[in-house]
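Hi everyone, thanks for coming. Please have the picture on your screens while I talk.

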Amino acid sequence: MGANHSREDLELSDSESESEYCSESRQREDDEEDNYYSDAKTTPSSIDSKQNPQTPSSLDDVEAKLKALKLKYNTPHAKANNPTDKNAVKLYQHVGFNTTNSKWVVSDKVTTYLFVKLGSGDESDDENEENSFWALQIGSKIKVKVDENLQLKAFKDQKRVDFVANGVWAVKFFAEEEYNAFVDKYQSCLFENTYGYEANDENRVKVYGKDFIGWAKPEAADDSMWEDAGDSFKSPEKTPLRVNHDLREEFEEASVNGGAIQSLALGALDNSFLISDSGIQVVRNYNHGISGKGVYVNFDKERSSTVAHSTPRKALLLRAETNMLLMSPVTDKKPHSKGLHQFDIETGKVVSEWKFEKDGTDISMRDITNDSKGAQMDPSGSTFLGLDDNRLCRWDMRDRHGMVQNLVNESTPVLNWTQGHQFSRGTNFQCFATTGDGSIVVGSLDGKIRLYSSSSMRMAKTAFPGLGSPITHVDVTYDGKWILGTTDTYLVLICTLFVDKNGSTKTGFAGRMGNKISAPRLLKLNPLDSHMAGANKFRNAQFSWVTENGKQERHLVATVGKFSVIWNFQQVKDSSHGCYQNQVGLKSCYCYKIVLRDDSIVESRFMHDKFAVTDSPEAPLVVATPLKVSSFSISSRRLQI
């Protein structure tokens with residue numbers, strides 16, 4: 001599938017869904033609304049009764065029929081009789097999804113909802129209180145745990161919420177105060193299910209800390225930094241807000257030599273590289289994407305048999321992109337590695353197999369990355385950063401005297417631990433990234449995001465609290481002012497700017513931010529797209545690639561299953577953006593573009609900013625699947641405001 005299979009083809013847009021929804025809610029309040037019932041809810045007898053209505057002979061007959069109807073639905077959570085009943089709502093279901101029959105249909109004209117506390121198996125009692133959780137029950141059709149997997153999206157102006165629970169549902173409330181009561185209770189249940197504490201001010205301070213109270217109460221947060229930053233970093237081209245750029249597919253390159261693509265190493269110079277389990281395919285960088293050079297280098301099995309029979313999980317370019325470090329996991333079940341292979345791109349050979357070692361003891365690493373955003377273009381670079389569950393360090397491929405180690409005589413040379421710290425308590429580090437000046441951002445299993453300066457890895461300058469989900473990937477802008485964290489169900493965008501006691505604006509990498517910290521923003525899929533993505537999780541969210549002071553990244557991209565999802569960075573920062581006007585809780589942006597592929601996506605990344613052309617506001621997007629890699633240009637020729 002090409003780039004034309006975008007969000008418009010996958011779903012009704014928000015405006016279309018809301019329009020149809022509002023139209024139904026206004027026009028289907030009478031008996032005609034029954035025509036919107038799904039086929040599964042429409043029986044032959046009900047069709048006949050609507051075509052041949054019969055007038056009852058007396059009120060006694062009417063009462064008898066009503067009593068019979070009540071007995072038929074006499075369950076603990078039966079349908080409500082009218083909108084005035086407690087917790088009465090109107091329930092819709094979405095059908096058709098990406099077909100021409102995609103629409104909202106009425107599932108229950110009037111039903112009721114409850115928030116119930118359940119134990120590990122059934123209703124909670126004193127014995128299983130520790131394992132209990134809040135669930136949302138709507139009539140007899142929905143009973144689901146309250147968590148982020150619901151992907152609940154609120155529409156305050158419509159008194160409506162949408163969510164995912166074995167399908168896509170919408171609940172319409174009959175009064176604004178009923179909508180507000182539901183949302184407040186939902187937020188409280190979500191907090192308790194996430195953190196294990198009752199939702200009150202004392203426990204919110206316990207979870208977030210007193211300096212981050214704006215994260216717990218976003219309505220009270222200071223958004224001035226977002227607005228100031230948005231104004232300061234607008235590009236000179238004045239890229240319009242609220243723009244859906246067209247995606248034009250320029251190149252499509254099939255994987256050669258029968259190897260499935262495992263990872264993608266984009267170069268900022270002439271070439272990029274597709275890594276498979278048997279070798280490396282070299283592709284050429286162009287202004288409209290990447291295209292093959294017909295060069296495929298098989299791993300040198302004589303030099304290292306292990307690399308030829310393992311799957312490289314991470315590829316890191318260095319030394320002006322003439323060398324590549326390949327890191328493979330110890331086992332298929334664990335991401336850690338005890339060493340890596342150095343691949344010389346110019347000769348096409350693995351020249352060394354390095355070991356991770358500290359104080360004479362072999363250790364492992366979970367991840368590696370360059371010293372800074374532009375370090376891979378440094379021809380003399382010999383150092384890189386390493387991360388493990390409780391280690392953050394810098395490795396040097398030279399010996400302690402500054403000389404390059406003799407690789408000819410050393411079958412497995414040892415990397416030199418030159419800087420870093422091994423934390424005594426479990427930090428559960430998961431991922432990290434670097435800024436242009438070498439500052440480091442680290443994401444953790446508990447959801448915390450820590451900021452370290454380029455000069456110290458022992459003490460974080462700033463530690464942002466978790467929102468309840470592990471951070472699986474993290475990225476940072478070149479200037480260090482914005483951080484993008486990936487979780488399974490959403491992305492979190494953080495502004496690191498603050499004003500110190502002297503009135504100077506700094507980032508959280510340079511000093512402690514105090515209590516004037518802006519609330520983050522979330523980037524989410526709307527419930528329809530979330531359902532289409534299935535059980536797949538968000539992975540590897542990244543900014544577009546800038547390595548020059550004064551330039552601002554323009555877009556954000558993440559993968560989820562067969563989707564590449566793209567957000568306009570300037571739009572997300574804009575506090576007046578329409579997504580934020582009728583929301584509750586942390587501001588969430590649902591305005592994005594989707595590229596759909598035929599297979600699960602290995603990686604989606606923007607090429608270096610130098611490959612942007614005059615008719616495009618962005619360098620090409622490269623999307624790799626196991627069997628092919630495609631390049632897309634985000635065109636500015638046709639803009640839709």
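I'll go through ring pairs, charges over rings, one glycine, and then the nonpolar cores.

Some ground rules: this is a predicted model, where local features need pLDDT of at least 70, side-chain atom pairs count only at pLDDT 80 or more, and totals for chains, interfaces and linings use all residues. Residues are numbered from 1 along each chain as its sequence is written, and side-chain values use heavy atoms, with hydrogens and water left out.

Okay, rings. We describe a pair of aromatic rings by the distance of the centres and the angle of the planes. Rings of Phe, Tyr and Trp (its six-membered ring) pair if their centres lie within 6.5 Å; planes under 30 degrees apart are stacked, over 60 edge-to-face, and the rest tilted. How many aromatic pairs does the structure hold? There are 21. Take tyrosine 113 and phenylalanine 115: the ring centres are 5.9 Å apart and the planes sit at 75 degrees, so this pair is edge-to-face. Both of these residues, tyrosine 113 and phenylalanine 115, are buried (that's under 20% relative accessible area, with exposed over 50% and partly exposed in between, using a 1.4 Å probe and protein chains only). Ring pairs also join Tyr113 and Phe115 with Phe173, Tyr179, Phe182 and Tyr186 in a cluster.

Next, charges. A charge sits over a ring if NZ of Lys or CZ of Arg is within 6 Å of the ring centre and within 35 degrees of the ring normal. Lysine 185 does that over tryptophan 134, at 4.2 Å from the ring centre. Arginine 605 does it over tryptophan 545, at 5.3 Å.

Now glycine 511. Buried or exposed? Glycine 511 is buried, at 13% relative accessible area. Not counting residues up to four places away in sequence, glycine 511 touches Lys461, Thr462 and Phe498, where contact means heavy atoms within 4.5 Å.

Last, the cores. A nonpolar core is a set of buried Ala, Val, Leu, Ile, Met, Phe, Trp, Tyr and Cys residues joined through side-chain atoms within 4.5 Å. The largest has 29 residues, and Leu491, Leu493, Val565 and Trp567 have the most contacts inside it. Apart from that core lies another of 28 residues, including Cys431 and Ile494. Beyond neighbours within four places in sequence, tryptophan 567 is in contact with several residues, among them Leu491, Phe538 and Tyr592.
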